[in-house]
Structure formats: structure tokens, C-alpha cells
Amino acid sequence: MSGGILIRRAGPATTIQDAGRFGMLEHGISESGPMDAAGFGRCGAMLGRAGAAIEFSQAGLDFVVEGIECRAALAGGAFTLSRNGVAHPWPSTLELRAGDSVSITPGPSGNYGYLRFDHELDLPPVLGSRSTNLVAGLGGLSGRVLKAADRIAFRGEGEPVAVAAPTRPGEGSLRFVWGIHADLFPAAVRERFLAGAFVVSSRLDRMGVRIEDRDGVFATTPILSLVSDAIVAGDIQILGDGTPIVLMRDHQPTGGYPRIGTIISADLDRFAQMRPGSALAFAPVTLQKARELFVASVRP
Amino acid sequence: MWPEILPLGDQGLLVRFSRTLSDDSNRAAIAFARRLRDALPHGVREIDPNLVSVLLRYDPRTVTFESLAGEVRLLLSVAGDGGEIAAAAAHRIAVRFGGEEGPDLAAAAAALGMSVEVFVAQHNAVPLRVLTTGFAPGFVYCGFHPETMRLARRTSVRPPVLPGSVLFAAGQTAITSTAVPTGWHVIGRTAFRNFDPGASPPTALREGDRVIFEALS
């Protein structure tokens with residue numbers, strides 16, 4: 001017996017995620033991967049070697065270790081953690097033995113947390129990745145969310161992980177670069193977009209996050225008929241009824257709604273962790289600035 | 001100035017040949033995608049052809065948008081107008097039209113003032129081109145039908161239709177490979193599946209390929 005874990009309780013939208021399924025857009029499959037890539041990376045760096053992660057949502061996760069000693073790291077967001085009833089700080093690295101019971105319950109901030117082990121998960125890569133893509137029903141455990149009574153076995157050591165840079169989560173406005181349809185919005189709407197009061201709505205998942213447009217910035221935007229075009233994570237798309245939605249890691253690969261901008265790579269993890277009700281403001285940056293921030297955010 | 005070279009986020013460069021879908025703009029996108037496949041510019045990690053554009057996803061640590069845009073302009077200047085798409089693969093797709101598999105066939109034919117028999121014959125009369133892929137796993141758009149076969153989408157969206165559904169609207173025929181909701185007319189179904197997650201690559205049809213629809217009786 002190779003050992004592994006037994007899930008006792010899983011919140012909604014608990015999935016397996018690795019670095020993502022790159023290069024499949026033309027086949028109709030978006031990249032997936034962790035909603036908070038920095039949190040996922042930090043989790044791996046805490047172990048040195050790590051396998052794919054279990055990404056859990058606000059409600060957390062309970063599991064029991066079966067038939068193996070292992071190390072686990074938990075990071076991303078701020079959750080409440082205990083092992084065998086004893087509290088541990090967040091984030092933490094734990095030395096676990098068979099029979100240990102770990103409980104992750106809601107904490108003060110964040111939408112997503114990561115659990116990784118010093119072992120790889122015994123799940124078959126699909127098209128080069130173990131990431132669950134819920135839209136396509138691919139990867140992870142049979143392409144679906146994890147639930148109570150699921151068992152995940154270990155298989156060999158995890159992959160070496162580079163030590164992550166000290167995290168600077170950033171704060172303030174979400175920075176974006178103007179989008180491929182920005183010129184279709186009247187100048188007055190673009191200006192009001194920068195001044196508007198926006199709030200993260202409760203309708204969010206791995207595909208996208210709907211935004212409340214409290215000032216009605218886009219309420220009068222006429223419905224535009226556009227040729228369907230490629231989507232990338234972070235795109236700020238305005239639906240026909242004027243609702244802004246930020247497309248996330250499991251985004252649909254193409255879409256025909258106008259996109260006013262794209263949240264920069266360096267700010268997307270922070271956005272993913274913003275809970276419903278969080279106030280938002282958007283600030284444009286140049287492509288050069290976005291690049292500098294991205295390069296700084298991924299430098300080991 | 002067409003085509004436009006635009007940033008799509010901070011790791012994407014979009015080459016957009018038009019703002020409207022036409023035979024010319026689609027051909028240009030396909031021709032450019034093929035050119036890219038032959039020689040991927042430095043720093044480009046993935047290309048994604050669309051109806052009238054091609055997305056190049058690049059690594060900003062390796063290449064800047066400006067230098068990639070320069071390389072793209074150079075490629076475009078020698079890419080020709082896309083008028084001729086060189087030797088494309090041809091695929092025969094057998095379709096059961098109408099009945100339970102194609103609940104909208106009769107209405108679509110009637111809306112065009114044709115009998116079902118004439119509609120099917122017209123639909124299958126000439127090979128279509130794969131305009132693009134990528135809306136959903138294995139999903140392909142094929143076109144273009146002549147003006148006499150041009151029909152708007154339905155006014156309502158159907159809940160997800162079965163994989164293999166053959167969809168008709170806007171002068172095009174699309175084939176699904178997974179369950180997707182659609183506002184198009186569902187005119188038939190095929191046993192062909194353009195998606196196999198165990199295969200590499202996972203899809204068989206590529207932009208620019210020729211598709212010949214055949215009616216199963």
C-alpha cells in the first residue's frame with residue numbers, strides 16, 4: 001500500500017491543481033492551474049519538493065493520513081488549521097503520521113488555500129497536467145470536485161520546487177492593461193470605469209468573478225455584436241446586461257462580449273483571494289509596467 | 001491599419017485581421033497561423049488561431065511585446081494575403097440529419113424556404129473550411145455556406161446539447177465534441193468526435209482543413 005489521504009470533508013470547488021495545462025487553447029481547453037499561483041508556489045517552496053496541490057475554497061477541508069509518514073505544507077489565504085485537535089499557525093508545514101487528522105476551517109481572509117505534500121499524487125496527468133478543469137471535466141480526480149470519502153494515494157516523491165521570492169501581496173487598486181475592445185467604449189465610460197465603485201459579488205468560481213457595478217458605469221453600454229475572439233485569464237468582460245465579469249483560470253477559451261481590459265498577471269492572485277463584498281478600484285498601467293511587475297513577482 | 005497588433009493582457013499578443021468575420025479575414029488568420037506553426041518566433045509559448053485573429057502567448061521574461069510585434073510585422077510582410085491556403089487535410093463527416101438528432105432541421109429549412117431534402121442537399125453540396133477551433137474542447141466552426149443558406153441564430157439558448165451535435169447558423173455549421181449550451185439550430189448528429197483527451201494532439205481537425213458533410217439515411 002502506497003499510502004495517501006482520505007478526505008473527510010470538502011468544501012465546494014475543492015480541486016486538484018498543478019501549474020496548469022498549458023498549450024491547449026487551440027483545442028478548446030483553458031489553462032486551469034491555481035487561482036492563487038503565488039500561494040500554490042509558496043506551499044511548494046515550504047517543502048522543497050512537492051506534488052500537485054489540493055486547492056480548497058473558503059469552507060476548508062478535513063482529511064486523514066493513511067498508511068504513510070509525510071510532510072505537508074498549507075498556504076494561501078488565511079485559514080484556521082489544526083492537527084489532531086491542536087491548533088497550528090497559517091501557513092504551516094506539518095510532519096504527518098498515519099492516522100493524523102488535519103482540519104482546515106474558515107479563517108480571516110482569502111478564498112483559496114493549498115495543501116501540498118512531499119509526494120506526488122497518484123492521479124494520471126491528462127494532456128500534460130493533473131489540474132482539474134471543471135468546465136471540460138478533465139484532470140484531477142475524474143475531472144470533478146473532491147468530496148468526502150474520496151481517497152487520494154501518493155506516488156513517489158514530489159518535484160523540486162524553487163524557493164519563492166518573499167511575497168509582496170500588494171494592495172490598492174487592481175492594475176490592468178486596456179483590452180482588445182477598449183476603443184469600443186465611449187471615452188466617458190472608460191473614465192468612469194477608473195472612478196467607479198466596484199464590489200466583488202458572491203457569484204464567483206474558477207471560471208469567473210462577477211463584479212457589482214454600483215455606479216452603473218456599464219449600465220448604458222449598448223450591446224455590441226463582436227466576432228468571438230481569444231480570452232485570457234484576467235480579462236474584464238462586460239456582459240450584455242452591463243455586468244462586468246473577470247474571467248479566471250477555468251475561463252471559456254473564446255468569447256464574444258467586449259473586454260475593456262485585462263488585470264495584470266502580478267495582481268491576478270490577489271484579486272482571486274478577494275472575498276465577496278470587497279471594494280475594488282481599477283487602475284490602468286502600461287504594458288511595460290505590467291511586465292516589470294510580472295518579472296519581479298516570479299523571480300525566485 | 002490592418003492587421004492590428006494588440007496586447008491581450010501582459011503575456012499575449014493578438015494579431016487581428018478584421019473586426020468583422022469574412023472569408024478574407026478568416027483566410028488571412030489561417031494563413032498567418034500556418035506560417036507561425038512553421039517557425040514559432042522566439043519567446044512564443046503557444047499560438048491560438050481564432051475566427052479573424054491569431055493569439056500569440058509569450059513569456060515576458062524572454063521577449064518584450066515590442067520586439068515580438070516587430071518580428072510579427074516582418075512575418076506578416078512576407079505572409080501574403082492568405083488567398084490560398086495550401087494543401088489542407090480533408091475529413092468526411094457522416095451526419096444523421098433531423099429527427100431526434102436534429103430537432104431544428106425542419107424549422108431551419110422552412111425558414112430558408114426549402115424542403116428538408118433540398119436543405120440537406122444544399123448543406124452538403126460543397127466542402128466547407130474549418131474556420132477555427134477552440135470554443136470548447138474539440139468544437140469546430142465550418143464555413144461558409146452561400147447567402148441562400150444564411151440563417152440567424154435561434155432567439156433562445158438550448159441547455160447543453162449532446163456531443164456530436166451538428167449546429168447551423170450565421171452561414172456556418174459547427175460540430176460539438178462535448179456537451180455545450182447553444183443558440184444555434186441543432187440540425188443533426190454525428191458519431192465523429194473531434195476530441196480525445198488521451199490522444200496527442202487531442203483534436204483531429206485544424207483550422208483551414210476541409211470538411212465534407214454526408215447524410216446518413
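**Domains, sheets and backbone features of chains A and B**

The model described here is a predicted one. Helix 4 itself spans residues 116-123 of chain B, and its buried residues are Phe119(B), Val120(B) and His123(B). Viewed down the axis of helix 4 of chain B, these buried residues fall within an arc of 95 degrees, so they line one face of the helix.

We can now turn to the domains of chain B. The domain assignment of chain B gives domain 1 as residues 4-77 and domain 2 as residues 90-215. Taken over C-alpha atoms, the centres of domain 1 and domain 2 of chain B are separated by 27 Å. Nine residues from domain 1 of chain B and seven residues from domain 2 of chain B take part in the contact. On the side of domain 1 of chain B that touches domain 2 of chain B, helix 1 (23-38) and strand 3 (44-49) of chain B each supply at least two residues. Helix 1 of chain B makes the largest contribution to that side, with five residues. By class, the side of domain 1 of chain B that touches domain 2 of chain B has four nonpolar, two polar and three charged residues.

Strand 1 (residues 4-7) and strand 2 (residues 12-16) of chain B run antiparallel and are joined by four bridges. Within this pairing, Pro7(B) stands opposite Leu13(B) of strand 2 of chain B. Four residues lie between strand 1 and strand 2 of chain B in the hairpin, and Gly9(B), in the turn, has a positive phi of about 70 degrees.

Chain A is likewise described in terms of domains, with domain 1 covering residues 4-160 and domain 2 covering residues 174-298. The centres of domain 1 and domain 2 of chain A, taken over C-alpha atoms, are separated by 28 Å. To the contact between them, domain 1 of chain A gives 20 residues and domain 2 of chain A gives 13 residues. Helix 1 (residues 37-45) of chain A gives the most to the side of domain 1 of chain A that touches domain 2 of chain A, namely three residues. That side of domain 1 of chain A divides into nine nonpolar, nine polar and two charged residues.

An open sheet of seven strands is present in chain A, with the order 8-7-10-5-1-13-12 and antiparallel pairing. At its edges stand strand 8 (86-88) and strand 12 (119-121) of chain A, each with a single partner strand, so one side of each is left without a neighbour in the sheet. From one strand to the next, the twist averages 30 degrees. Within the sheet, strand 7 (residues 78-83) and strand 10 (residues 101-109) of chain A run antiparallel and are joined by five bridges, and Ala78(A) stands opposite Ser109(A) of strand 10.

The contact between the two chains takes 29 residues from chain A and 36 residues from chain B. Strand 18 (229-230) and helix 4 (287-298) of chain A each supply at least two residues of the side of chain A that touches chain B. The largest share of that side, five residues, comes from helix 4 of chain A. By class, the side of chain A that touches chain B comprises 18 nonpolar, eight polar and three charged residues.

Most residues other than glycine have a negative phi, and most peptide bonds are trans. A cis peptide bond joins Trp90(A) and Pro91(A), with omega about -5 degrees, and Pro91(A) sits in the loop between strand 8 and strand 9 (92-96) of chain A. In chain B, the peptide bond from Gly143(B) to Phe144(B) is cis, with omega near -10 degrees; Phe144(B) lies in the loop between strand 7 (140-143) and strand 8 (158-161) of chain B. Leu127(A) has a positive phi, near 50 degrees, and is found in the loop between strand 12 and strand 13 (151-157) of chain A. Leu127(A) is buried, with 22 other C-beta atoms within 10 Å. Ala149(A) has a positive phi of about 85 degrees and is placed in the loop between strand 12 and strand 13 of chain A, but Ala149(A) is exposed, with 10 other C-beta atoms within 10 Å.

Note on methods: Residues are numbered from 1 along each chain as its sequence is written. Chains are lettered from A and ligands numbered from 1 in the order in which they are written. This is a predicted model: local features need pLDDT of at least 70, side-chain atom pairs count only at pLDDT 80 or more; totals for chains, interfaces and linings use all residues. Two strands pair if DSSP finds at least two bridges between them. Axes are lines fitted to C-alpha atoms, for helices over the stretch in contact, and angles run from 0 to 180 degrees between N-to-C directions. Ala, Val, Leu, Ile, Met, Phe, Trp, Tyr, Cys and Pro count as nonpolar, Asp, Glu, Lys and Arg as charged, and the others, Gly among them, as polar. Domain bounds come from an automatic or database domain assignment. A residue is buried if 20 or more other C-beta atoms lie within 10 Å of its own, exposed if 12 or fewer, and partly exposed in between; C-beta atoms are placed from the backbone. The arc is that of the directions from the helix axis to the C-beta atoms.
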